[in-house]
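I opened this entry to log what I looked up, one item at a time. The structure comes before the notes.

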Amino acid sequence: MADKNKTTAPDLQTLKRVTSNNEELNNKSKYFSYWHLCLNPKSALYTFICMYAWFSSSIVYYGISFNLKNLSGDRYINFFLSGLVEIPALIFVLLVSNKIGRRWTLFSLFLISGLSLGSIMIIDSTNMASPAAVLILALIGKSAASGGWAAVQVSSAETFPTLVRNIGLAACAFMARIGGVIAPQIVSLNKYLDQLPFVIFGSAALLCAFFIIGTYGDG
């Protein structure tokens with residue numbers, strides 16, 4: 001081709017040398033797997049907490065969303081309100097996450113979610129519950145769970161080392177999808193006891209709160 005174009009053929013030795021060096025580097029590269037998330041007890045513990053936090057956020061978020069049809073009032077207005085209440089929770093995360101730290105932000109949000117959902121069962125057992133009170137507590141629980149989910153995504157990305165960050169976030173996202181699959185099945189338990197789904201969702205959130213405050217990092 002060079003003869004036809006009446007030009008000098010380029011020296012390809014440099015290109016071959018660079019290609020050869022790249023192939024050697026690729027052969028020496030270390031491949032990481034999910035096993036590397038659990039190489040030592042501390043990393044395994046943090047991985048478990050992050051995965052459970054995603055699972056808990058998902059199961060509460062979608063569980064409340066699916067259970068809105070069983071609450072009093074117009075289901076369309078309830079669904080609109082369930083989306084509206086997420087806004088203050090996200091603003092709260094933006095304002096306080098860097099001031100009080102990720103751990104305390106997550107703890108406070110999951111604690112609020114768990115207590116509000118658990119309170120539904122308590123006030124129902126004392127015959128003090130009104131349909132409006134149940135709806136308000138459920139919306140508070142979902143609001144806090146949505147804020148916790150937003151905060152835990154940031155916290156998880158900061159927790160995993162760079163080399164396994166994508167793998168760690170993939171594992172967390174997988175657990176969140178599991179939570180989304182289980183949530184409708186828990187909602188169906190209301191045929192046995194009306195407030196049973198709220199008890200399960202609230203327990204999941206409270207357990208996550210105490211996991212975080214008891215074992216998570218200082219930040």
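**Helix pair α3 and α4**

I began with α3 and α4, which are roughly parallel to each other. The model is predicted, so I read every value as computed from it. I looked up the axes: those of α3 (residues 75-84) and α4 (residues 86-100) come within 5 Å and cross at roughly 5°. That angle falls under 35 degrees, which is why I call the pair roughly parallel. On the α3 side, the contact is made by S82, G83 and L84. On the α4 side, I noted E86, I87 and P88.

**Overall layout**

I then stepped back to the whole protein. I found eight helices and zero strands. From the N terminus on, the elements run α-α-α-α-α-α-α-α. Buried residues make up 39% of the 219 residues. I also checked contacts with a separation of 6 or more: residues 24 or more positions apart account for 81% of them.

**Helix α2**

Next I took α2, residues 41-67. This helix has 27 residues and reaches 38 Å from its first C-alpha to its last. The expected value is 39 Å at 1.5 Å a residue, so I logged the span as close to it. What caps the N-terminal end of α2? I found N40 there, with a side-chain oxygen 3.2 Å from the backbone nitrogen of K42.

T47 is also in α2. Leaving aside neighbours within four places in sequence, T47 is in contact with L37 and F160. I also checked T47 against G168, 121 residues apart along the chain: their C-alpha atoms are separated by 7.2 Å.

**Nonpolar core**

I looked up the largest nonpolar core and found 46 residues in it. Those with the most contacts inside this core are I59, V60, F198 and F201. α2, α5 (102-125), α6 (131-159), α7 (165-187) and α8 (196-215) each supply at least two residues of this core. I followed I59 further. Not counting residues up to four places away in sequence, I59 touches G179, I182, A183, I186, F201 and A204.

**S146**

My last stop was S146, in helix α6. S146 has a relative accessible area of 6%, under 20%, so I logged this residue as buried. Which residues does S146 touch, not counting those up to four places away in sequence? I listed Y61, E86, A89 and L90. E86 had already come up in my notes on the contact between α3 and α4.

Notes
Residues numbered from 1 in each chain as written. Predicted model: local features only at pLDDT ≥ 70, side-chain atom pairs only at ≥ 80, totals over all residues. Heavy atoms only, no water. Helix = DSSP H or I, 4+ residues; strand = E, 2+ residues; numbered from the N terminus. Polar contact = N/O pair within 3.5 Å; in protein donor to acceptor, adjacent residues only side chain to side chain. Core = buried A, V, L, I, M, F, W, Y, C linked by side-chain atoms within 4.5 Å. Buried < 20%, exposed > 50% of the residue type's maximum accessible area, 1.4 Å probe, protein only. Contact = heavy atoms within 4.5 Å. Axes fitted to C-alpha atoms, helices over the stretch in contact; angles between N-to-C directions. Parallel < 35°, antiparallel > 145°, perpendicular 65-115°, else oblique.
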